[in-house]
Amino acid sequence: MKKMIFNLALAVAAMLCFGSCGYDNFDEPDAALSGNVQYNGQNLQLPGSAGVVQLQAYQDGYQLHSPISIYVDQNGHFSARLFKGTYKLVTRDKNGPWVNKRDTVIVNVGGGSEVNIPVTPYFTLSDFKCTLSGSTLSVSFNVQQIVSTAKINYATLCIGTTSILDEQNNAFQVKIDSKNVKVGANSFTFTATNEQIAKLQKAVKVTARVGLRTVDADCSIYTPMATLK
């Protein structure tokens, strides 16, 4: 009986060892893919919270054909570790502040590959300035309309205390109604509350960005981030 139990224990141990070795023998992705989401050769400013803007990579010839999600940061840059091979790269369906065209970009991923993804945003923002004096926030920016049929939903001034700043991640935000935002130059003055000022006074760093949401878009296009403190 003891011999039977001992042999059974050895068999179980061997099975566990075999299974463990099998898992250990799977190769990890060994190639780097990086690039940028751009309009007219310039990176777009996007939400920076994880998972808001994504690309999807597909590789033909495999039984599992689910897309690989690649996250885009607030400066329009992305990077991922993949297995070497040829991939089809597209924007995620109905995701991003741009026309939902989803053109396929073919990329051969080797040791290190770079690719830029061209898109057509509904609007772009430029000439952003923001100052804080006491409790007064002064903001100015220009709106350029790229798609003639696009309509502004709203704009948002985001104030934060970290290097990632958008509508999801901020210390506080001020929403600006579409009727007050126009194509061309815009300027606004806001008075921060005592509670909001107290948050900023405690912070080591204070940052600001403006986002512009298009009607029916799932996220905003942004200005570059300005540092107020």
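**Cysteines, then a lysine**

Reply: Cys 130 counts as buried because its relative accessibility is 10%, where buried means under 20% relative accessible area, exposed over 50% and partly exposed in between, with a 1.4 Å probe and protein chains only. This is a predicted model, in which local features need pLDDT of at least 70 and side-chain atom pairs count only at pLDDT 80 or more, while totals for chains, interfaces and linings use all residues. Residues are numbered from 1 along each chain as its sequence is written, and side-chain values use heavy atoms, with hydrogens and water left out.

Me: And Cys 219, buried or exposed?

Reply: Cys 219 is buried, since its relative accessible area is 2%.

Me: How many disulfides turn up in the whole structure?

Reply: Zero are found in a search of the whole structure, taking a disulfide as a pair of cysteine sulfur atoms within 2.5 Å.

Me: Switching topic, where is Lys 88?

Reply: Lys 88 lies in strand β6, which covers residues 85-91; strands (E, at least two residues) and helices (H or I, at least four) are DSSP runs numbered from the N terminus. Lys 88 is partly exposed, at a relative accessible area of 36%.

Me: What does Lys 88 touch, leaving aside neighbours within four places in sequence?

Reply: With those neighbours set aside, Lys 88 is in contact (heavy atoms within 4.5 Å) with Gln 56, Ala 57, Tyr 58, Asp 60, Thr 104, Val 105 and Ile 106. Gln 56 is 32 residues from Lys 88 in sequence, and their C-alpha atoms are 8.1 Å apart.

Me: How many helices and strands does the protein chain have?

Reply: The protein chain has two helices and 16 strands, and 41% of its 229 residues are buried.
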